[in-house]
Amino acid sequence: MPAKKRCEFQGEATRCNQAVLRIVGRCPHCRLDFCGTHRMPEHHECQNLESCRQQAFEKNKAKLESERTVASKMATA
């Protein structure tokens, strides 16, 4: 039987040695495996988190711009 995968989090002085969560332990941004404590991008200092936030911001901005309503100009008589 293969050895259990271990969390890939490395702190300043220590390394986490907990077992990786099977389904939700893989970070979708950096593709590394983490335990329950470090599975959230904010908790393992994910390197790709800022670029992911920027992409989401740009996508949301484009959607809002496309749905923007512009008041028609009123004709003066």
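Me: How far is the sulfur of Cys-46 from the closest cysteine sulfur, and in which residue is that one?
Reply: Keep in mind that this is a predicted model. A disulfide needs its two sulfur atoms within 2.5 Å, and the gap at Cys-46 is too far for a bond. The closest cysteine sulfur to that of Cys-46 is 3.8 Å away, in Cys-27.

Me: And Cys-52, how far away is its nearest cysteine sulfur?
Reply: Cys-52 is in no disulfide either. Its nearest cysteine sulfur belongs to Cys-46, and the distance is 8.1 Å.

Me: Is Cys-46 buried or exposed?
Reply: Buried means under 20% relative accessible area. Cys-46 has 9%, so it counts as buried.

Me: Which residues make up the largest nonpolar core?
Reply: Nonpolar side chains tend to be buried together in soluble globular proteins. Here the largest such core has 8 residues. They are Cys-7, Phe-9, Cys-16, Cys-27, Phe-34, Cys-35, Cys-46 and Leu-49.

Me: Where is Asp-33 found, and which side chain does its own side chain make a polar contact with?
Reply: Asp-33 is in the segment before α1, the helix spanning 49-66. This aspartate is buried, with a relative accessible area of 7%. Beyond its neighbours within four places, its contacts include Lys-5, Glu-8 and Arg-26. The polar contact, at 3.2 Å, is with the side chain of Arg-26.

Me: What is phi of Arg-31, roughly?
Reply: Arg-31 also has its place in the segment before α1, and at 53% relative accessibility it counts as exposed. Its phi is positive, in a residue other than glycine, and the value is near 65°.

Me: And for Glu-45, what is phi there?
Reply: Glu-45 lies in the segment before α1 and is exposed, with a relative accessible area of 58%. It is not a glycine, yet its phi is positive, at about 50°.

Me: What separates the C-alpha atoms of Met-40 and Gly-25?
Reply: Met-40 is in the segment before α1 and is partly exposed, at 35% relative accessible area. Along the chain, Met-40 and Gly-25 are 15 residues apart. Their C-alpha atoms are separated by 8.5 Å.

Me: Stepping back, what share of the residues in the protein is buried?
Reply: The secondary structure comes to 1 helix and 0 strands. The protein exposes about 7000 Å², with carbon and sulfur atoms supplying 52% of it. Of the 77 residues, the buried share is 18%.

Definitions and conventions
Residues numbered from 1 in each chain as written. Predicted model: local features only at pLDDT ≥ 70, side-chain atom pairs only at ≥ 80, totals over all residues. Heavy atoms only, no water. Buried < 20%, exposed > 50% of the residue type's maximum accessible area, 1.4 Å probe, protein only. Helix = DSSP H or I, 4+ residues; strand = E, 2+ residues; numbered from the N terminus. Polar contact = N/O pair within 3.5 Å; in protein donor to acceptor, adjacent residues only side chain to side chain. Contact = heavy atoms within 4.5 Å. Areas by Shrake-Rupley, 256 points an atom, 1.4 Å probe, with all protein chains shown as cover. Core = buried A, V, L, I, M, F, W, Y, C linked by side-chain atoms within 4.5 Å.
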